[in-house]
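Biologist: Could you walk me through reading a few features of a model like this one? I would like the general idea each time, and then the case at hand.

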Amino acid sequence: MHIKSLAVFCGSKAGNNPRYTEDTAALGVILAEKKVTVIYGGGNKGIMGAVANASLAQGGTVVGVIPEFLASLEHRHDALTETISTKTMHERKQILYERCDAAIILPGGFGTLDELFEMLTWNQLDLHSKRIFFLNTCGFYDHLLAHLKLMEHEGFLYSMEKNPITVLGKPEEIEKFL
C-alpha cells in the first residue's frame with residue numbers, strides 16, 4: 001500500500017505533556033518530506049495546529065476539513081493548502097475518509113475517539129479497509145488498545161483482522177509505511 005494522503009485525527013488542545021506536541025510536529029515534518037498530504041480537522045490550535053504548521057513549514061500539502069460552527073472554536077487555520085468547510089461533523093468525517101489512504105490517531109479527546117471509532121466501525125462493516133495507525137506517544141493509548149483486545153477476547157468484535165491497526169511508538173516509525 002502506498003500512502004499519498006493521511007488523515008490525522010488529534011486534539012485541538014495541546015494536552016499536559018509537551019511530548020505530544022513534539023511528536024506531532026515531528027510527524028508533520030516527516031509527512032511533508034515524504035510528500036504525503038495531511039488531511040485533518042482544519043484547526044490552528046493544540047496538536048491539530050502543530051501537525052499542520054510543521055508540515056506547511058517544510059513545504060507540505062495540508063488540507064483542512066472544518067465544520068462552519070467549529071471555525072471559531074478551533075481557530076480555523078487560514079494558511080492551509082486547501083480548506084473545506086462543511087455543515088456537519090458527519091460531512092467532515094465523510095470527506096476525511098474519502099480523501100485519505102490511511103489514518104493516524106494522535107492524542108486527543110472525544111472528537112478524536114469519535115473519528116477513530118467510526119473508522120474502525122466502517123472497516124468492520126467492509127465500507128472501507130483503510131489502515132489505521134496509532135502514534136502512542138508516552139503510552140497515551142495503552143489502555144484503549146488493551147480494551148480493544150478485551151472486546152475481541154470477550155467476543156464483542158467480529159474480527160480485528162478487518163481493522164489493520166499498527167501502533168507506533170515514535171513518529172519516524174511511520175516512514176516504512178509511506
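This is a predicted model: local features need pLDDT of at least 70, side-chain atom pairs count only at pLDDT 80 or more; totals for chains, interfaces and linings use all residues.

Modeller: Gladly. Tyr 20, Phe 134, Phe 140 and Tyr 141 form one aromatic cluster.

Biologist: How many aromatic pairs are there by this rule? And how is a pair of aromatic rings described?

Modeller: A pair of rings is described by the distance of the centres and the angle of the planes. Here the count comes to six aromatic pairs. Take Phe 9 and Tyr 97: their ring centres are 6.1 Å apart and their planes stand at 90°, so this pair is edge-to-face. Phe 9 belongs to strand β1 and Tyr 97 to helix α3, so the pair ties together parts that are 88 residues apart in sequence. Both Phe 9 and Tyr 97 are buried.

Tyr 97 also pairs edge-to-face with Trp 122, at 4.6 Å centre to centre and 75° between the planes. This links distant parts of the chain, with Tyr 97 in helix α3 and Trp 122 in helix α4, 25 residues apart.

Biologist: Let us stay with helix α4, then. What should its 15 residues span at 1.5 Å a residue?

Modeller: They should span 21 Å, and the end C-alpha atoms of helix α4 (residues 110–124) are 21 Å apart, which agrees. Among the buried residues of α4 are Leu 116, Met 119, Leu 120 and Trp 122. The elements that cover the buried residues of α4 include β1, α3, β5, β6, α5 and β7. Just after α4, Asp 126 takes a positive phi of about 60°.

Biologist: Now a salt bridge within a helix. By how much of a turn are Asp 23 and Arg 19 separated in helix α1?

Modeller: The general idea first: an α-helix has 3.6 residues a turn, so residues three or four places apart point the same way. Asp 23 and Arg 19 are four residues apart in helix α1, which means they are separated by about one helical turn. Their side chains meet in a salt bridge at 3.4 Å, N to O. Asp 23 is buried, with a relative accessible area of 8%, while Arg 19 is partly exposed at 34%.

Biologist: Which parts of the chain does the salt bridge between Glu 175 and Lys 34 tie together?

Modeller: That bridge is 3.7 Å, N to O. Glu 175 lies in the segment after β7 and Lys 34 in the loop between α1 and β2, so the pair ties together parts that are 141 residues apart in sequence. Glu 175 is partly exposed at 33%, and Lys 34 is partly exposed at 43%. In total the structure holds seven salt bridges. Lys 93, Asp 114 and Glu 118 are linked in a network of them.

Terms used:
Residues are numbered from 1 along each chain as its sequence is written. Side-chain values use heavy atoms; hydrogens and water are left out. Helices (H or I, at least four residues) and strands (E, at least two) are DSSP runs, numbered from the N terminus. The expected span of a helix is 1.5 Å times one less than its number of residues. Buried means under 20% relative accessible area, exposed over 50%, partly exposed in between (1.4 Å probe, protein chains only). Contact means heavy atoms within 4.5 Å. Rings of Phe, Tyr and Trp (its six-membered ring) pair if their centres lie within 6.5 Å; planes under 30 degrees apart count as stacked, over 60 as edge-to-face and the rest as tilted. A salt bridge is a side-chain nitrogen of Lys or Arg within 4 Å of a carboxyl oxygen of Asp or Glu.
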